[in-house]
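Please open the structure in your viewer and keep the selection tool at hand.

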Amino acid sequence: MKISAAEPDDDDSVIGIAVVEPAEASILVSLADQLQALLAESLESPVDTDSAVLRLLPDAYRSDPELADEWRRLSRRGLVDRKIGFAHSLSSALAPGVESDEARTVRLSTEVALDWVRGLGDLRLVIADRMGIVVDGDEGTFAEPGLRDVYDLLAWMQDALVQVLERAEQSSTSESS
């Protein structure tokens, strides 16, 4: 995988380019699809029992259960829909590359890059939960083989995308002044 700033001859709406190998696309699409399913299932129950869902949808008012219930009732569906949208943005962009024999290039707009950063963050929260990672720096207490590598890949992707977004913002700021 390679994530870089857009080329000078790219459309102005393109801020970055992701080059994704088919095996990477397959893993990311599978994870993004699983995340969408997990979030959709969370709407079927008023009480979250999955610790990963609790990380994705934390209580807004931890010291006031009544306010927390009201916030959850009024905003939960919208938050879940947005998170599903972020994951869908990732999976829909990468799905065509799953069956390919070669790496696929995806051109990223600001909106798509932000969706990917948010979706990757949600995926990292779920994987961190499954690995028993509580705070940054934890190694976790349980991990299936390769899960740590996926977690680290997602962190690297997030960092690379944030760098692309920052570079685009700096470029935009310098052009306007």
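In what order do the strands of the open sheet lie, and is the pairing parallel or antiparallel? The open sheet has three strands in the order E1-E2-E3, and the pairing is antiparallel, where two strands pair if DSSP finds at least two bridges between them. Strands (E, at least two residues) and helices (H or I, at least four residues) are DSSP runs, numbered from the N terminus.

Before going further, note that this is a predicted model, in which local features need pLDDT of at least 70, side-chain atom pairs count only at pLDDT 80 or more, and totals for chains, interfaces and linings use all residues. Residues are numbered from 1 along each chain as its sequence is written, and side-chain values use heavy atoms, with hydrogens and water left out.

Select strand E1 (2-5) and strand E3 (104-108), which are the edge strands, each pairing on one side only. From one strand to the next the twist averages 20°.

**The helices**

Select H4 next, which lies across E2 and E3 and runs at about 110° to E3; such angles run from 0 to 180 degrees between N-to-C directions, and axes are lines fitted to C-alpha atoms, for helices over the stretch in contact.

Then show H1 together with H4: the two pack at an angle of about 80°, with their axes 10 Å apart. H1 is therefore roughly perpendicular to H4, a term that covers angles of 65 to 115 degrees. The contact (heavy atoms within 4.5 Å) is made by Leu31, Ala32, Leu35 and Leu38 of H1 and, on the H4 side, by residues including Leu123, Val126 and Ile127. By class, this contact of H1 with H4 has seven nonpolar, one polar and two charged residues, where Ala, Val, Leu, Ile, Met, Phe, Trp, Tyr, Cys and Pro count as nonpolar, Asp, Glu, Lys and Arg as charged, and the others, Gly among them, as polar.

Helix H3 (residues 65-94) is the next selection, and its axis and that of H4 come within 8 Å and cross at roughly 110°, which makes H3 roughly perpendicular to H4. Among the residues that meet here are Phe86 and Leu90 in H3 and Trp116 and Leu120 in H4.

For the last stops, a pocket is an open set of points on a 1 Å grid over the protein atoms alone, with protein on both sides within 12 Å along at least five of seven lines, whereas a cavity is a set where a 1.4 Å probe fits but cannot get out; lining residues have an atom within 4 Å of a point. Grid points are joined across faces, edges and corners, and a volume is the space filled by probe spheres set on the points.

The largest pocket has a volume of about 360 Å³, and of its 14 lining residues Asp12, Val14, Ile15, Ser171 and Glu175 lie nearest its centre. Helix H5 (residues 147-176) gives the most to this lining, with five residues.

The second largest pocket holds about 300 Å³ of space, and Leu31, Gln34, Val126, Ile127 and Arg130 are the closest to its centre among 13 lining residues.

Finish at the largest cavity, with about 40 Å³ of space, by selecting Leu57, Pro58, Asp59, Trp71, Arg72, Arg76 and Leu79, which line it.

Technical notes:
Parallel < 35°, antiparallel > 145°, perpendicular 65-115°, else oblique.
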